[in-house]
Amino acid sequence: MQAITLLGSTGSIGTQTLDLVAQYPERFRVVGLTSHNNITLLAEQVRQFRPQIVGIGREDLLPELRSLLDGIQPLPELVAGSEGLCQVAAYPEAERVVTGIVGCAGLLPTLAAIRAGKDIALANKETLVAGGPVVLPLVQEYGVQLIPVDSEHSAIFQCLQGVPEGALRRILLTASGGAFRDWPAEKLDQVTLADALKHPNWVMGRKITIDSATLMNKGLEVIEAHWLFGLDYDHIDILIHPQSIIHSLIELADTSVLAQLGWPDMHLPILYGLSWPERLATPWDPLDLVKLGSLTFKAPDHRKYPCMKLAYAAGRAGGTLPAVLNAANEAVVALFLEERIRFLDIPRLLEQVCERHRVIADPGLEDILQADTWARREMTQLAEQIPAQILV
């Protein structure tokens, strides 16, 4: 039985991970859970899975969480704040850590887990997008395994099993196209928040759903794929695949192309991230290609998705610029979700923040954290300059 710690247990990845733990009680046990602020759901999870350590991101909520757990015997160790999340991530009894914390907040706990020698089931793309220059050397130093859980990177990872070193030539990341794949670019100035949150294929959190609508999620995945699989940006492409059945493809040196297919459901890549290198039998409906009938593909429209170009440019520039792009994107999406800016402001503001940044070519952890803070502050200041009447 594998002992796991789950960072971000109350989010989309976290709740689906716990679905699988409940489905395979003979294979997995939870020793640690964390949440940022959803103490009600966290308390329910603690009662069901009985972890040994529990962390809450907001320190002010610790007394209330303690009250909600009153009567549980034995009471788990309770910790709080960034330091507490890192403590959970490095908990000695855990063998594998699932990083489901959204955004750059997952970077420090992931580093703590790596330093503690834990294998990482990586569901937080921002860890590598922002922290790749720091994370990858630590992974090599401590000899841990990074197992991607993101559906696209899991697909690539699965396709690479058994592929000889040096045989990978190209990565094809598939994208659904998001909420506006069938909209003409000329109509995007009419987009509402409700429009952007209507993903045609996947059920995801609000932030990632907006990233899918701008295709920034795919741009960030390009940067993550660069760090995970070692290819340069000229050999990582994006392909619109509306059915979301092929989760990504690899092209090998002899022109063979391998793909991983499955229903658009995150349970499968999460389960593989938990069980690798094994594959567990599931009771789920198998993929029916006859029922699907056809799978289609097209090139992405760069007029409709300008965020892709920004992501490639940031990745190629390297240094602290990917961290700035990632942090600025988190900030600008939050502004859009609060309806303080319009949809087309997202790429425009992102480009301005990136242009203002002085890139540090070979950053350390402190440089990355400072770039993250700077980008969020810069984005907030730029958004405040947008006249209120434009948003009416």
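Let me begin with a term: a helix here is a DSSP run of at least four residues, and the helices are numbered from the N terminus. With that in hand, please look at helix H9 in this predicted model, where lysine 207 and aspartate 211 both lie, four residues apart, or about one turn of the helix. Their side chains meet in a salt bridge, with 2.6 Å from N to O, and both of these residues are buried.

Staying in that helix, which covers residues 206-214, we also find threonine 209. Is threonine 209 buried or exposed? Its relative accessible area is 5%, and since buried means under 20%, threonine 209 is counted as buried. If we leave aside the neighbours within four places in sequence, threonine 209 is in contact with Ala196, Leu197, His199 and Met204.

Let me step back to the whole chain, whose secondary structure comes to 16 helices and eleven strands. The radius of gyration is 21 Å, close to the 21 Å that the globule rule gives for 392 residues, so the chain is as compact as a globular protein of that length. Along the principal axes, the C-alpha atoms fill a box of roughly 60 × 50 × 40 Å. Buried residues make up 57% of the 392, and of the contacts with a separation of 6 or more, 69% are accounted for by residues 24 or more positions apart.

Now to the charges, of which the chain carries 32 positive and 46 negative side chains, with the centres of the two sets lying 4 Å apart. Side chains of opposite charge can pair when their charged atoms come close.

In one of them, arginine 170 pairs with aspartate 237, the closest N and O atoms being 2.8 Å apart. Arginine 170 is partly exposed at 25% relative accessible area, and aspartate 237 is partly exposed at 26%.

In the other, arginine 29 forms a salt bridge with glutamate 93, with 3.7 Å between the closest N and O atoms. Arginine 29 is partly exposed at 33%, as is glutamate 93 at 40%.

Finally, Lys125, Asp150, Glu152, Lys218 and Glu221 are linked in a network of salt bridges.

Methods:
Residues numbered from 1 in each chain as written. Predicted model: local features only at pLDDT ≥ 70, side-chain atom pairs only at ≥ 80, totals over all residues. Heavy atoms only, no water. Helix = DSSP H or I, 4+ residues; strand = E, 2+ residues; numbered from the N terminus. Rg over C-alpha atoms; globule rule 2.2 N^0.38 Å. Buried < 20%, exposed > 50% of the residue type's maximum accessible area, 1.4 Å probe, protein only. Contact = heavy atoms within 4.5 Å. Lys, Arg positive; Asp, Glu negative; His and termini not counted. Charge placed at Lys NZ, Arg CZ, Asp CG, Glu CD. Salt bridge = Lys/Arg side-chain N within 4 Å of Asp/Glu carboxyl O.
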